[in-house]
Amino acid sequence: MPLSSRHLLGLHGVPKEDIQLILDTATTFREVLDRPIKKVPTLQGKTIVNLFFESSTRTRISFELAQKRLSADTINFAKSGSSTGKGETFKDTVKNIEAMKVDMIVVRHESAGVPQFLTRISDANIINAGDGRHEHPTQALLDLYSIREKLKKIDGLKVCIVGDIGHSRVALSNIYGLLTMGAKVSVCGPPTMIPRSIESLGVEVHHDIDRAIRENDVLNVLRIQLEREAGSSIPTLREYHKYFGITRERLQQNEDILILHPGPINRGVELSSEVADGPFQIILNQVTNGVAVRMAVLYLLGTL
Ligand code: CP
């Protein structure tokens with residue numbers, strides 16, 4: 001059964017069957033990553049460009065590795081050093097890259113809606129690797145995969161997304177994906193970091209981190225996005241840590257909790273270092289699983 005769309009622009013409106021198919025396919029590819037030879041010929045002959053207009057460590061490397069593991073030809077575009085600095089428009093840049101015959105485009109951009117725009121000017125399959133504050137679908141898929149791997153289910157779990165919800169594309173994609181897969185979702189953070197209308201998505205809102213720890217199976221703890229002016233939503237980072245930071249002491253309230261973080265971490269702000277490196281978190285498992293999940297997305301879209 002193929003996916004219902006030839007692009008992955010976000011998880012809004014993506015059917016449960018599609019998410020299930022991606023997660024199940026990722027399970028097959030996750031096994032490939034543990035083999036001595038971590039490569040399959042699945043996308044041999046396909047050409048994929050990674051179009052990154054905004055900085056990234058995990059997502060860019062993870063997509064590139066996923067493409068190489070599937071034997072695709074990959075090209076990396078970074079804004080710095082490109083002809084955009086000479087005044088070339090975004091549309092002209094994309095049209096010129098596409099003229100070199102690429103099959104798929106993975107795009108990260110600071111502006112929401114850029115992946116959607118690409119579907120109108122390009123014939124390639126488009127994958128959103130993070131657009132502004134909008135969506136980051138492969139991050140949410142790898143979060144779902146990592147939760148399912150650890151807790152053996154998603155349906156019925158209580159998941160709280162903690163912190164800088166308003167600036168976060170990870171939050172929105174997680175909310176859509178988790179609700180579709182049957183989880184009960186809440187958000188917790190300072191009122192200044194939570195969009196007013198977020199309840200309309202079907203999530204509960206509160207501002208008590210100790211309650212979030214006590215009442216949930218999973219906390220997905222978000223980074224304070226200082227590059228998106230999150231600093232103006234809180235008095236100081238020290239105060240944020242005091243009221244919302246996850247510490248070992250706080251976790252004594254629920255020794256079964258599972259902690260996720262999409263990275264990069266602000267140590268001592270969202271998480272104490274003891275928690276970031278401790279037994280409750282699966283942060284580096286998320287990163288490993290991300291390669292398998294991106295292999296699944298590339299495979300399913302590339303063979304539609
Ligand atoms: N989680 C995530 O998107 O990290 P990068 O910004 O390093 O890609």
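Pro264 is located in the loop that runs from strand E9 (258-260) to helix H10 (273-276); helices (H or I, at least four residues) and strands (E, at least two) are DSSP runs, numbered from the N terminus. The peptide bond joining Gly263 and Pro264 is cis, with omega about -10°. The model is a predicted one, in which local features need pLDDT of at least 70 and side-chain atom pairs count only at pLDDT 80 or more, whereas totals for chains, interfaces and linings use all residues. Residues are numbered from 1 along each chain as its sequence is written, and side-chain values use heavy atoms, with hydrogens and water left out.

Ser71, in the loop between helix H2 (58-69) and strand E2 (73-78), has a positive phi near 70°. Ser71 counts as buried at 15% relative accessibility, where buried means under 20% relative accessible area, exposed over 50%, and partly exposed in between (1.4 Å probe, protein chains only). Lys152 also is not a glycine and has a positive phi, of about 70°. Lys152 belongs to the loop between helix H5 (137-151) and E5 and is exposed, with a relative accessible area of 68%.

Helix H8 (residues 237-244) has Tyr240, His241 and Phe244 as its buried residues. Viewed down the axis of H8, these residues fall within an arc of 100°, so they line one face of the helix; the arc is that of the directions from the helix axis to the C-beta atoms. An α-helix has 3.6 residues a turn, so residues three or four places apart point the same way. Arg238 and Lys242 are exposed on the other side of H8. The cover over the buried residues of H8 includes strand E5 (158-162), strand E6 (184-188), helix H7 (209-215) and helix H9 (248-251), contact being defined as heavy atoms within 4.5 Å.

At the level of the whole protein, there are 11 helices and 9 strands. The radius of gyration is 19 Å, which agrees with the value near 19 Å that a compact globule of 304 residues would have; the radius is taken over C-alpha atoms, and the globule rule is 2.2 Å times the number of residues to the power 0.38. The C-alpha trace spans about 55 × 45 × 35 Å along its principal axes. Of the 304 residues, 56% count as buried. Among contacts with a separation of 6 or more, 73% are between residues 24 or more positions apart.
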